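Please examine the sequence and the structure shown here. The briefing that follows describes the chains and the places where they meet.

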Amino acid sequence: MIGNFPFVAVVILLGLGIYTLIFKKNLIKIAIGITLIENGTNLFLITLGYRKGAVAPIYTQAPEGVPMVLPTPQALTLTSIVIGVATTALILSIAMIIYKKYGTLNSDEVRRLRG
Amino acid sequence: MKEEMSRIVRTMTTLIYVFIMVYGFYVIAHGHLTPGGGFQGGSVVASAFALLVVTYGNQKTQDFLQKDLLSLLESTGLVIFICFAFFGLGATFFYNFLSNSGSLFGSSATIGVNPGNLNTGGTVTAMNIAVGIEVLAALGVIVLTMSQASETIEKKEK
Amino acid sequence: MKKSVFGFAFLFFVAFLLLSAFGMRPFGEPSFSEMDDYYIENAQAETGANNVVTTIVFDYRGFDTLGEATVLFTAVVGIVALFREVAK
């Protein structure tokens, strides 16, 4: 039960992110929700690759005879983090443009003002 | 918003900026030996750029770091990365043709735990440097563009 | 009305996620690791680099990194194009 706590943390992160996406109207808050879901996915990938008592898969001055964690999920998480940074920057830029054009960040009001 | 922060912050930023840059390039260059790599090191260097923007304001940072140069660096990094991928085309795309060949980055590593040799890794090391240049330039362009745009929007509202 | 439907769907989804989180295999014991064991054993001999993660990112799965670099480049191009009118 307590051994599965990392997976529960993933569920908490995903749940908070999806709650934000469904119930919040502010565009900045929606961006925060998307980032939370991203981080939950990254944490899930990392926890999938963990071995008990293992060290990072790097041979430079590693302790002898200790197993190493799975490297592939870590590599994929690295990819996902960089893509997350790029998409977050794009989302925030579009939010800035929307604020400049409509004067508000509320998605409902944006829809109501100009078709 | 004031354009510049106080003298204490400015002095500390000029001191720390050098160390952040050196640390970022260390992480890029040792990507095949220690935790890190092109992406992480590039992000560290770009965070130094963000520190400059926060401390000195947008205008002075733009004079110091030309955005066109960063844009050029970004394209150059990506082109070098793809070129290294194409050079291995004798076997496959992304073939590691430099490793264990004895040339630059080509000495073979001792198997097992070792203190690390900088001249190993083959195309992994070269691609690390190329991607590091690309990421630091890309994130720098993002930081500079967004800060400049937010400043312009703020000015227009007044 | 719409909000309550969304709320029930959200609660159902989170309950499903929680159930599957408790029903997963225990933390720290991967079920299948043949591919990763191969990487850990042979990465040093095949590429000469000590860092297995970097080896996977740039060598074994280079196409992934190529796509990632392209996504980053495209995002930067998009941001610059978005702010081209504003910055004038």
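Which side chain meets that of A:Lys25 in a salt bridge? The partner is A:Asp108, with 3.9 Å from N to O; a salt bridge is a side-chain nitrogen of Lys or Arg within 4 Å of a carboxyl oxygen of Asp or Glu. The pair links distant parts of the chain, 83 residues apart: A:Lys25 lies in the loop between H1 and H2 of chain A, and A:Asp108 lies in helix H4 (residues 107-113) of chain A. Over all chains, a search of the whole structure finds 4 salt bridges.

**Basis of the description**

- This is a predicted model, in which local features need pLDDT of at least 70 and side-chain atom pairs count only at pLDDT 80 or more, while totals for chains, interfaces and linings use all residues.
- Residues are numbered from 1 along each chain as its sequence is written, chains are lettered from A and ligands numbered from 1 in the order in which they are written, and side-chain values use heavy atoms, with hydrogens and water left out.

**Chain A**

- Chain A contains 4 helices and 0 strands; helices (H or I, at least four residues) and strands (E, at least two) are DSSP runs, numbered from the N terminus.
- Read from the N terminus, the elements of chain A follow the order α-α-α-α.
- The radius of gyration of chain A is 19 Å, whereas a compact globule of 115 residues would have a value near 13 Å. This radius is taken over C-alpha atoms, and the globule rule is 2.2 Å times the number of residues to the power 0.38.
- Taken along the principal axes, the C-alpha atoms of chain A fill a box of roughly 65 × 35 × 15 Å.

**Chain B**

- Chain B has 4 helices and 0 strands, and from the N terminus its elements run α-α-α-α.
- Chain B is more spread out than a compact globule, because its radius of gyration is 19 Å, well over the 15 Å that the globule rule gives for 158 residues.
- The C-alpha atoms of chain B occupy a box of roughly 60 × 30 × 20 Å along the principal axes.
- The average pLDDT of chain B is 88, and 99% of the residues score at least 70; pLDDT is the predictor's confidence in each residue, from 0 to 100.
- Within chain B, confidence is highest in helix H1 (residues 7-29), at a mean of 94, and lowest in helix H4 (residues 123-157), at 89.

**Chain C**

- Chain C also consists of elements in the order α-α-α-α from the N terminus, with 4 helices and 0 strands.
- A compact globule of 88 residues would have a radius of gyration near 12 Å, but the value for chain C is 22 Å.
- The C-alpha trace of chain C spans about 65 × 55 × 15 Å along its principal axes.
- Chain C has an average pLDDT of 88, with 98% of the residues at 70 or above.
- Among the elements of chain C, helix H1 (residues 2-22) has the highest mean pLDDT (92) and helix H2 (residues 34-47) the lowest (88).

**Where chain A meets chain C**

- The contact (heavy atoms within 4.5 Å) involves 44 residues from chain A and 42 residues from chain C.
- Chain A and chain C bury about 3,900 Å² between them, 76% of it on carbon and sulfur atoms. Buried area is the accessible area (1.4 Å probe) that two parts lose on being put together, summed over both.
- There is 1 salt bridge between chain A and chain C, and the side chains of C:Asp37 and A:Arg51 meet in a salt bridge at 2.8 Å, N to O.
- On the side of chain A that touches chain C, helix H1 (5-23), helix H2 (27-48) and helix H3 (71-102) of chain A each supply at least two residues.
- Of the contributors to that side, H3(A) gives the most, with 18 residues.
- By class, the side of chain A that touches chain C has 32 nonpolar, 9 polar and 3 charged residues. Here Ala, Val, Leu, Ile, Met, Phe, Trp, Tyr, Cys and Pro count as nonpolar, Asp, Glu, Lys and Arg as charged, and the others, Gly among them, as polar.

**Where chain A meets chain B**

- Here 16 residues of chain A are in contact with 18 residues of chain B.
- Chain A and chain B bury about 1,300 Å² between them, and 75% of this lies on carbon and sulfur atoms.
- In chain A, the residues that lose the most area to chain B are A:Tyr59, A:Thr60 and A:Met96, together 34% of what that side buries.
- The count between chain A and chain B is 0 salt bridges.
- The side of chain A that touches chain B divides into 11 nonpolar, 3 polar and 2 charged residues.
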